[in-house]
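Dear colleague,

I am handing over the structure we spoke about, and my notes on what was found in it follow below. Please read them with the coordinates open beside you.

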Amino acid sequence: MILYVGCALTVALETLFFLIAGYGRRRYFMLLCVAVNVATNLALNLTLMVYRTVPFILALEVVVVLVEYAVYAAAEGRSRRLLLLTLGANLTSFLTGVLLFGLE
């Protein structure tokens, strides 16, 4: 159950983050944002069910940012702004998750 709650929260927060940043005009980007966040969040949390340490969590979060940015950059073109927005969106959802669910 918490797996789905965490995923829904991540999708909502990160999609809202990009919406506020001005990507809401691009409907395809919002759909892409939802899809990539579902995929990366579920993959991350399923992996963490097997092996869960703080350094591993942080390393996987970095991988998630890079994967999400690669997908977004393929759709929008590479830019420093998009990278920083991807990092900011992930930081927002990660810190919210830590506050609500803890780190371990």
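Before anything else, a word on how elements are named here: helices are DSSP runs of H or I with at least four residues, numbered from the N terminus. In that numbering F101 belongs to helix 4, and I2 to helix 1. Please keep in mind throughout that this is a predicted model.

Helix 1

Helix 1 runs over residues 2-20, and its 19 residues should span 27 Å at 1.5 Å a residue, which agrees with the 27 Å found between its end C-alpha atoms. Its buried residues are L3, G6, C7, T10, V11, E14, T15 and F18. Seen down the helix axis, these buried residues fall within an arc of 145°, so they line one face of helix 1. What covers them includes helix 2 (27-48), helix 3 (54-76) and helix 4 (80-101), while the face turned away from the buried side carries the exposed residues I2 and I20. Just after helix 1, G22 takes a positive phi of about 105°.

Helix 2

Helix 2 has 22 residues and reaches 32 Å from its first C-alpha to its last, which is close to the 32 Å expected at 1.5 Å a residue. The residues buried in helix 2 are F29, M30, C33, V36, N37, T40, N41, L44 and L48. Because they cover an arc of only 135° around the axis, they sit on the same side of helix 2. The cover over these buried residues includes helix 1, helix 3 and helix 4, and the face turned away from them carries the exposed residues R27 and L31.

The nonpolar surface patch

On the surface, M1, I2, V5, L99, L100 and F101 form a nonpolar patch, whose accessible area comes to about 710 Å² together. Helix 1 and helix 4 are the elements that give two or more residues to this patch, and helix 4 gives the most, with three residues. Are two of its members, I2 and F101, exposed or partly exposed? With 57% relative accessibility, I2 counts as exposed, because the cut-off for that class is over 50%. F101, at 37%, lies between the cut-offs of 20% and 50% and therefore counts as partly exposed. As a further point about I2, this residue and L42 are 40 residues apart in sequence, and their C-alpha atoms are 11 Å apart in space.

The salt bridge

How many salt bridges does the structure hold? There is one, formed by R26 with E76, and the closest N and O atoms of the pair are 3.5 Å apart. R26 lies in the loop between helix 1 and helix 2, whereas E76 lies in helix 3, so the pair ties together parts that are 50 residues apart in sequence.

With best regards

Key: Residues numbered from 1 in each chain as written. Predicted model: local features only at pLDDT ≥ 70, side-chain atom pairs only at ≥ 80, totals over all residues. Heavy atoms only, no water. Expected span 1.5 Å × (residues − 1). Buried < 20%, exposed > 50% of the residue type's maximum accessible area, 1.4 Å probe, protein only. Arc of directions from axis to C-beta. Contact = heavy atoms within 4.5 Å. Patch = residues over 30% accessible without salt bridge, like charges linked within 9 Å, V, L, I, M, F, W, Y side chains within 5 Å. Areas by Shrake-Rupley, 256 points an atom, 1.4 Å probe, with all protein chains shown as cover. Salt bridge = Lys/Arg side-chain N within 4 Å of Asp/Glu carboxyl O.
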